[in-house]
Amino acid sequence: MRKHNYFHTGISVLLILSSILSGCGIKNSMEESESGTNEQTISQQALNPTVSIDYQADPEDFSLILKDGDNQIAVSGQSPNRTVSDFRESDTETFWRYPEEQISVSIKPQDNYLSVTITSEADDDNEFSWPNISADTYYIPFGEGKRIPADDLIWQNYLNDQEFSVLEQLSMPFWITEAGDYSVLFIMENPYRTQLNFSANPDIAFSVSHEYPQIDDVKENRFRIYLTNSNPVSAAKLYRSYVNERGNFKTLEQKAAENPDIRKLYGAPFIYLWGDFVLSADNINWPAFRNSLSSPVMEYLLSFSEEAENGSEFRNVTEEIKKQDYVDVYQKNIICGYISQVLKRDDFWDESIFTSDNSLKELMPDGYENLNQSEKIQINKQALAESLPNVFQDAGQWMNASTVDLLQSMQENGIDRAWIGLNSWEQAYAKPELIETAQNQGYLIASYDSYHSIHEPGKEQWITAEFTDKSLYEEASVTNKNGEKAAGFQNVGRKLNPVYSLPAVEERMETIMANQLPFNSWFIDCDATGEIYDDYTPGHITTQEEDLAARLERMAYIRDQYHMVIGSEGGNDFAASTIAYAHGIELKSFSWMDEDMKSNKDSEFYIGNYYNPSGGVAAHFSKVIPLKEKYDTIFVDPRYDVPLYKLVYNDSVITAAHWDWSTFRIQGAAQDRMVREVLYNVPPLWHLDDAEWEKYKSAIADHYSVWSDFSRQAVLLEMTDFEYVTPEGSVQKTVYGSELSAVANYSDSVYQYEDSEIPAHSVLIINGRENKIYTPTAD
């Protein structure tokens, strides 16, 4: 049978060509563009009359072409020839089988797209690869979105031989290619176990492979293929319509109708507040401390040193300072760190030691053992302070500088709303006044939490990997297909199967909330990243679909049971209707890709240690570092950005950078990142203690005064348009609704936009008829 006999022609699909009005839409990258304003929104744009086009499919090599008149648009390139059987066609479907691979293919024209369904007819595991994609330019939702020229050398080097999981690496399961005057949008309706397999020979191309495991009853892999005008805006809007069609779209205001605290996110920066110690060096009178080392209370403190993590260092330091007439910074840090550990112990209180004031007993009428964890720490703090009043400041003042005083200073500097994140709920146990102050100031305040990793009982390295139910490690951890346990974060411990996690979630949250700390937000790490698993553990085999559903269920449980404003790392769109905010969409974690960033402490690119000896912001989050050119191009350079996620979800999910990459983090990039925060309506992200606040206070206050006002309006609106005002992307424009827009100039020279001169590295904000120029300062 000759190949051309398999060609299918003559069945029409509908071509969607959005009628882009004057000044609206992305400009062709090869054209010089004219600046202009747009008074229309996407929803007001009329569609051109539908154009009848034909598709041409060759079953032997599974190439697929769309034809609009004399124009032919290659949707998928050729694959190796296969044996074909059962070929048939009608006005509504083209169908065939690949009997050797136990695969069937169905192509059906729908109202405005072509539907391609690839079904495995095997009972056992199966796999199939299609389509093969080649284009001059790709728009792919890597995080917020990237415009990738196929001939770009840095992108070629990065993508060549890469295999990307769709659910994990793409924030939304689609891609867009440019094809002359058209764009082709591919939506993957079943993105589980689907990979993009990149090559660069020399230009970038990729194939798509899909696994059909025996354990999953779903044997269909479905694609929607849309043809639209040559810009990603129309394609992103088609995807937004697709999400709505499936009933998965929920605006922030719809979410706020269920929890009004979500409105506190509007115009709120994301701030991680650090302070791991229970007391700081400023809370201690050091000469008096040296003179009291032989007191019974100090001897009691020392008695815990055999069990404490830095107990031996504490013993050595106390011996050293007995011979000194001073206490140096290193010694102060060791002492504060050790005392902070000891004060968190359940067995610290001893009535025979702390006899100075009977008022303590009045604070625990039912006995110390019946107090919650936070109450015990407050008793321990007060007992120590009152026993050595000449040594320790009043316990109620401990850590004020980096907690309540810092929040009050933020308020005084005009920051009237913020999301405050804590590294652990233990920070709140030690300083409950912090939570109360944040609440009173109208802020959201959350703790970091995670149920992704589980460590061997008795060997837990961090608090979120420790669970009361010790059987979970053996009975509810993930087993790969090869029979090996999936390793936890940083290869420590194992991955916890979410399907069996909910009782542990309920138990942990009940314990935390029993401390009566008024958290109003919660951050659950990893659950919206798409890092999901098939679990082959005998007795509880579960699929990726079940894994993902369980992650959404536990986030929804915390959200609804405790009236929390919920966020997660990643923010991939399968979680968009569940969460209100996400960290990582705008700039993902990437330091692990490079040895100099990850582990070479002598390199200028080293991201920094996780530990701060003074208990404040660790260098890992505060150290300002340069980037190598390839990482700057791939992850930071705004010329490659395209706001695909915002075009779909701007009014549904508030997205920020991964916590590794705060606004001031990258050397030489802070000003452009602040410009981008306005242009793309992205909250700034800062890591603060009292020292970092003093360092950046002026820049933070200035940026907040502009960004927050813009964002409070933008977050309620759909991003209706985007434009590369200059072809290479150094000047870009976004539109929210019909009257709010921003034009960013990332270049090193002034740009004339209509009647406005936009200085270098600045943004023009257009709000109706009112124009405002904003030039951020990073210092």
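## Around Glu 604

Leaving aside its neighbours within four places in sequence, Glu 604 is in contact (heavy atoms within 4.5 Å) with Lys 623, Ile 625 and Pro 626. Glu 604 sits in the loop between helix H17 (595-598) and helix H18 (619-622). Helices here are DSSP runs of H or I with at least four residues, strands are runs of E with at least two, and both are numbered from the N terminus. Ala 135 is 469 residues from Glu 604 along the chain, and their C-alpha atoms are separated by 37 Å.

Residues are numbered from 1 along each chain as its sequence is written, and side-chain values use heavy atoms, with hydrogens and water left out.

The pLDDT is the predictor's confidence in each residue, from 0 to 100. For the protein chain it averages 92, and 93% of the residues score at least 70. Over residues 1-5, however, the pLDDT is below 50, and over residues 9-52 it stays under 50 as well. Where pLDDT is low, the predicted coordinates should not be read in detail.

## Two helices side by side

Now look at helix H21 (residues 670-679) and helix H22 (residues 690-714): their axes are 9 Å apart and they pack at an angle of about 25°. Axes are lines fitted to C-alpha atoms, for helices over the stretch in contact, and angles run from 0 to 180 degrees between N-to-C directions. H21 and H22 are therefore roughly parallel to each other, a label for angles under 35 degrees.

On the H21 side you will find Met 674, Glu 677 and Val 678, which meet His 703, Trp 707 and Phe 710 in H22.

## Rings in pairs

The structure holds 59 aromatic pairs. Rings of Phe, Tyr and Trp (its six-membered ring) pair if their centres lie within 6.5 Å; planes under 30 degrees apart count as stacked, over 60 as edge-to-face and the rest as tilted. Tyr 451 and Phe 467 have ring centres 6.3 Å apart and planes at 40°, so this pair is tilted.

## Backbone details

One joins Trp 130 and Pro 131, with omega about 5°, and Pro 131 lies in strand S9 (residues 126-134). Another joins Asn 201 and Pro 202, with omega about -5°; Pro 202 is in the loop between strand S15 (194-200) and strand S16 (204-212).

Note on methods
Predicted model: local features only at pLDDT ≥ 70, side-chain atom pairs only at ≥ 80, totals over all residues. Parallel < 35°, antiparallel > 145°, perpendicular 65-115°, else oblique.
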